[in-house]
Amino acid sequence: MERITIKSLIMEFFTNHPNRELKTSTVEDWVSEQYFKAHGKYPSNVSTDINQLHHDGRLINISYRVYKYDPDNDRKVKLHDFSDSVREEIFKRDDYRCVICGLGREAGLGIAADHKIPRSKNGKNTLENGQTLCNQHNNLKKNYSQIETGKRYFIKIYGSAKEKRDVKMMAFCKSVFDAYDKHDMDKQIERPDLD
Ligand SMILES: [Zn+2]
């Protein structure tokens, strides 16, 4: 039998009420009751888990403490993420520690399974493409990926400025590309202004 966890109960409630906007308090009441029946004690942090499921892309946040489950969206998210068993294998292989700083569950940190090659670049949901990161390094990695997206934006802006002979904007973009070079960021993406 599947283990009854706070998260599994939350998802059970939401999947039984697809596409309905549900208040956190409503979900909490039901989850607490079911959890009590299964474990003989009340769960803590139901709303934290709801929030986490939202961050994992499973639930959609409608407004303050109101969430919705959309089966179509969930199918897409699941397609793009590690299955629960692969995620567990990744954690186990990495000894439940961040591959960058070596800290993890033992040190009381939250951990996440990260795609080495990102999903946006066709990275697969496999053990080989997965690595364990602590929440902090996972967030840092997000920043780096946004910086990379930023460079691509500036390349577009530079191209359009060049067409319009907007010298001021071209000069600004050049300074931005210089900053990327100076800080050794995203050199693999070629800057467009050096020909
Ligand atoms: Zn770390």
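These legends walk through several close-up views of one predicted model. Local features need pLDDT of at least 70 and side-chain atom pairs count only at pLDDT 80 or more, while totals for chains, interfaces and linings use all residues. Residues are numbered from 1 along each chain as its sequence is written.

**View B. Helix α1 against helix α3.** Here α1 (residues 6-16) packs with α3 (residues 46-55) at an angle of about 70°, and their axes are 10 Å apart. Helices (H or I, at least four residues) and strands (E, at least two) are DSSP runs, numbered from the N terminus. Axes are lines fitted to C-alpha atoms, for helices over the stretch in contact, and angles run from 0 to 180 degrees between N-to-C directions. The two helices α1 and α3 are therefore roughly perpendicular (under 35 degrees counts as roughly parallel, over 145 as roughly antiparallel, 65 to 115 as roughly perpendicular and the rest as oblique). The crossing of α1 and α3 is right-handed; that word applies if the near helix is turned clockwise from the far one by less than a right angle, and left-handed if anticlockwise. On the α1 side, Ile 6, Lys 7, Ile 10 and Met 11 make the contact, and α3 brings Val 46, Asp 49, Ile 50 and Leu 53 (contact: C-beta atoms, placed from the backbone, within 7 Å). By class, this contact of α1 with α3 has six nonpolar, no polar and two charged residues. Ala, Val, Leu, Ile, Met, Phe, Trp, Tyr, Cys and Pro count as nonpolar, Asp, Glu, Lys and Arg as charged, and the others, Gly among them, as polar.

**View C. Helix α1 against helix α2.** Turn now to α2 (residues 24-39), which packs with α1 at about 125°, the axes being 9 Å apart. That angle makes α1 oblique to α2, and the crossing of α1 and α2 is right-handed. Ile 6, Leu 9, Ile 10 and Phe 13 of α1 meet Val 27, Trp 30, Val 31, Gln 34 and Tyr 35 of α2. The contact of α1 with α2 divides into eight nonpolar residues, one polar and no charged.

View D. Three strands line up in the order β1-β3-β2, with antiparallel pairing. At the edges, β1 (22-23) and β2 (60-63) each pair on one side only; strands pair if DSSP finds at least two bridges between them. Three bridges join β2 to β3 (residues 66-68). Look for Asn 61 opposite Tyr 67, and for Ser 63 with its bridge partner Val 66. Two residues lie between the strands of this β2 and β3 hairpin, where Arg 65 takes a positive phi near 60°.

**View E. Helix α6 beside helix α7.** The axes of α6 (residues 135-163) and α7 (residues 167-182) come within 9 Å and cross at roughly 155°. Helices α6 and α7 are therefore roughly antiparallel, and their crossing is left-handed.

Terms used
Contact = placed C-beta atoms within 7 Å.
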